[in-house]
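Hi,

Here is the structure I said I would pass on. Have a look at it first, and my notes follow below.

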Amino acid sequence: MSKEKIILGIDPGTTIMGFGLIKVVGKTMQFLQLNELDLKKYDDHYLKLKLIFERTIELIETHHPDEIAIEAPFFGKNVQSMLKLGRAQGVAMAAGLSREVPITEYSPKKIKMAITGNGNASKEQVAKMLQSTLGLKTLPKNLDATDGLAAAVCHFYNEGRVEVGKSYSGWASFVKQNSLPTSKGGAKNNPIVDLRKNKG
């Protein structure tokens, strides 16, 4: 069972979007690429979102990933930063969903835990562990790229486990999983969110 597949990992952000790609053959992974989309020179927030969408589409069309792993925004005190991060993540997810690529979200803590065994590890520790695991010759100046790669590696490590994170295979799946929960904690009987009802 040495089926090949490619995983694209994304660390979304409106200043820098980091991404990395790995190829999985059976139970082994190979490093393909890591890079970043630098958005610092742009002032317009909506232009940044457009560029994130376009770059993600370009990565999908160039590398044909079978799955996407994305870092979920962490909850910080700055509401504006959270909103911007959430939008960046949403736009990257929309790009993947529009191409029917399954997406799984992982919290920053879960990614750090998968890579280093420590959920509070620093970006540098994550990068060094990836360098060692994947045999990277050099590390990028900005570690957002290694954060994106870390999401892909985390997804590889979590494969086959139950409840690895939120996964979406398309728009219908996204809506179904983000609808209001039923009494049993699932969303099976409520695939569409009706904003007119169940506000309580």
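**What I found**

Thr14 counts as buried, because its relative accessibility is 12% (buried is under 20% relative accessible area, exposed over 50%, partly exposed in between, with a 1.4 Å probe and protein chains only). You'll find Thr14 in the loop between β1 (4-11) and β2. Setting aside neighbours within four places in sequence, Thr14 is in contact with Leu39, His45, Lys48, Lys84 and Ala88 (contact means heavy atoms within 4.5 Å).

Before you go further: this is a predicted model, where local features need pLDDT of at least 70 and side-chain atom pairs count only at pLDDT 80 or more, while totals for chains, interfaces and linings use all residues. Residues are numbered from 1 along each chain as its sequence is written, and side-chain values use heavy atoms, with hydrogens and water left out.

The overall layout: the protein chain has six helices and six strands, in the order β-β-β-α-β-α-β-α-α-α-β-α from the N terminus. Helices (H or I, at least four residues) and strands (E, at least two) are DSSP runs, numbered from the N terminus. Of its 200 residues, 44% count as buried. Among contacts between residues at least 6 apart in sequence, 59% join residues at least 24 apart.

Next, helix α4. Which residues of α4 are buried? They are Val126, Ala127, Leu130, Gln131 and Leu134. Looking down the axis of α4, these fall within an arc of 135°, so they line one face of the helix (the arc is that of the directions from the helix axis to the C-beta atoms). Lys128 and Ser132, on the other side of α4, are exposed. The cover over the buried residues includes β2 (16-25), β3 (28-38), α3 (108-116) and α5 (144-158). After α4 comes Gly135, with a positive phi near 70°.

Last, the largest pocket. Its lining has 20 residues, and Asp11, Glu71, Phe74, Lys123 and Asp147 lie nearest its centre. The elements giving two or more residues to that lining are α3, α4 and α5, with the largest share, four residues, coming from α3.

Cheers

Note on methods:
1 Å grid on protein atoms, 1.4 Å probe; cavity = no way out; pocket = protein on both sides within 12 Å on 5 of 7 lines; lining within 4 Å.
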